[in-house]
Structures are given as structure tokens and as C-alpha cells.
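User: I'm new to this structure and would like to understand the terms used for it. Could you take me through them?

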Amino acid sequence: MKNIQAVTFFDLDGTLLDHKSQITPEITHAIQALKNNNILPLIATGRTVVEIEHIMKASGIDSAIVMNGQFIQVEGKKIYSDEFTYEECLKMYEQVKSLGHELSFYNDQQIWCSGHNDIVTNAYAFIHSQPPVIDHSTLKDKTVNMMLVLSEDGDEHYLKNFPEMTFYRNGPYSIDTVRKGVSKGTGVQNLFKTLDLPNVPTFAFGDGINDLALFEACDNKIAMGNARKELKERSSFITKKNTEGGIVHALKHFDLI
């Protein structure tokens with residue numbers, strides 16, 4: 001890690017991935033070029049490791065801040081993990097079910113959910129994935145880093161009843177749920193603290209609301225052409241859309257490749 005010249009952080013959907021949520025050959029080549037230039041690439045996502053293993057393999061990126069900062073791995077090794085208590089999970093489960101919603105539980109190895117319905121199906125189809133398995137067994141012996149509320153509404157209810165948590169609505173059917181104050185931005189901070197990385201330039205690439213904290217934590221903030229207005233207003237540079245070679249365009253703009 002002593003030879004690292006810069007660190008890049010890439011959101012996935014709408015950023016590093018194409019319209020089919022896949023890695024293009026151009027991205028794979030760009031990531032290899034970054035590595036050749038001693039630049040450390042990381043994925044920064046709300047998803048967990050098991051969901052993105054195919055993306056990591058296709059892109060050549062083996063380091064990631066996942067579950068919105070709750071878990072970090074570098075070169076395939078865990079370096080940080082923030083976990084919910086059994087009591088926190090149970091309280092959330094009871095509230096979710098009382099509203100007629102469903103709940104998914106995440107760690108770096110597994111995803112499971114409380115039940116299936118149309119909203120669950122739509123939520124995972126939205127990211128080109130299948131609904132996780134239903135598991136009603138006890139949570140007492142399980143590690144939970146993140147929870148996902150499957151709903152089209154209820155945002156205000158959860159914000160009011162769970163002030164100890166942070167909620168990121170990541171699409172029309174689901175809400176990422178993490179510990180209060182945890183974000184992709186704190187993930188960046190914990191990465192540098194844990195690895196004692198040198199003081200090098202950082203570059204954040206994103207398109208959605210949960211990338212705002214990532215932008216705040218990085219020196220250079222690159223909004224995709226398809227990014228939310230809030231990100232574009234806080235960006236250092238607005239690149240092309242993710243479907244128009246935006247990542248490669250920005251990397252070349254900053255002379256990273």
C-alpha cells in the first residue's frame with residue numbers, strides 16, 4: 001500500500017455498470033490501467049460482497065466498501081465490520097411486519113429475507129437480481145451488517161421510530177438501513193484509518209443520493225451525466241452518462257489512466 005498514488009471509489013448502478021448492470025470490457029481495461037499506475041480502485045455500494053462477486057471478478061476490483069460503509073474488504077480480506085445487535089434486528093423486523101412490509105438481512109456472505117411479495121420481486125429485479133431465500137430461523141446466532149426494508153412507502157415512519165439508524169431509499173421498492181452516521185463516507189474514513197494509507201488524492205464516482213457522503217469524504221467528486229441534481233451541484237466534475245463511457249472519460253480527464 002506504500003506505493004499507492006491515489007484511491008478511486010466507484011458506485012455501481014448508474015455509475016460503473018451499464019444499463020444491464022454489467023461491467024463492459026472498457027471498464028475492465030480502465031481498472032487494469034489504474035492498477036498499473038499504482039492507483040487503488042474500490043467499489044463503494046449499498047450491496048454486499050456476495051451480490052457483487054461477479055462484478056468484482058469482471059472488473060478486476062477486489063477491494064470494496066459495501067453495505068453503505070458497514071463492511072470493508074481490501075484485496076479480498078475483511079478489514080472492517082459494523083454489526084447490528086439481535087435486539088436492533090428484532091425491533092426492526094417487528095415494525096416492518098406491522099406495516100405489511102418485508103425485510104432482508106445482509107452480511108458479507110449471505111442475504112435472506114422475511115418473506116416474498118410483488119414488492120420484494122420488483123426490488124431485486126430493479127438491480128437485475130433474484131429475491132433472497134426466506135429464512136425464519138432465529139437471528140441470535142447470525143451476523144447482520146445491513147437491513148433492507150422492502151416497501152414503496154413508510155419512509156417517515158421509519159425515520160421517526162428509528163432515530164438510531166440511517167435510511168437510504170435506493171429505489172422505488174427498497175430502503176437501505178444502516179447504523180446512524182454510517183455511510184460510504186465513513187467507509188472512506190475507516191479505510192484510511194484501518195490501513196494507515198498515505199495522504200493521497202481521492203476520487204469519488206457516483207450518481208445517487210447515497211453517494212453524497214462519498215463525495216463529502218473525497219477530494220475529487222465526479223458526478224455521472226445521469227446523476228441526481230444534488231450530486232451534480234456538489235461535484236468537481238460532471239462526466240458523461242454511465243452508458244456513454246462516463247467512467248473512462250473522467251479517468252482520462254484527471255490523468256488517472
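User: What makes the contact between D13 and R47 a salt bridge?

Analyst: A salt bridge is a side-chain nitrogen of Lys or Arg within 4 Å of a carboxyl oxygen of Asp or Glu. In this predicted model, the side chains of D13 and R47 lie 2.8 Å apart, N to O, so the pair meets that definition. D13 belongs to helix α1, while R47 sits in the loop between β2 (39-44) and α3 (49-59), 34 residues apart. Helices (H or I, at least four residues) and strands (E, at least two) are DSSP runs, numbered from the N terminus.

User: Thanks! Before we go on, what should I keep in mind about the numbering and the model?

Analyst: Residues are numbered from 1 along each chain as its sequence is written, and side-chain values use heavy atoms, with hydrogens and water left out. As the model is predicted, local features need pLDDT of at least 70 and side-chain atom pairs count only at pLDDT 80 or more, while totals for chains, interfaces and linings use all residues.

User: What makes K142 and D135 partly exposed?

Analyst: K142 has a relative accessible area of 23%, so K142 is partly exposed. D135 is at 25% and therefore counts as partly exposed too. Their side chains meet in a salt bridge of 2.3 Å, N to O.

User: How do you know that Q70 is buried?

Analyst: Q70 has a relative accessible area of 0%, so Q70 is buried. Q70 lies in the loop between β3 (64-66) and β4 (71-74). Contact means heavy atoms within 4.5 Å; not counting residues up to four places away in sequence, Q70 touches Y80, S81, D82, E83, N145, V178, R179 and V182. The C-alpha atoms of Q70 and V178 are separated by 7.1 Å, although these residues are 108 apart along the chain.

User: What makes a residue line the largest pocket, and which residues lie nearest its centre?

Analyst: On a 1 Å grid over the protein atoms alone, a pocket is an open set of points where a 1.4 Å probe fits, with protein on both sides within 12 Å along at least five of seven lines; lining residues have an atom within 4 Å of a point. The largest pocket is lined by 30 residues, and D13, F126, I127, N170 and N210 lie nearest its centre. Among the elements giving two or more residues to this lining are α1 (12-16) and β11 (174-179). β10 gives the most, with 3 residues.

User: And which residues lie nearest the centre of the second largest pocket?

Analyst: R47, E51, H54, H128 and S129 do, out of 14 lining residues.

Methods:
Buried means under 20% relative accessible area, exposed over 50%, partly exposed in between (1.4 Å probe, protein chains only).
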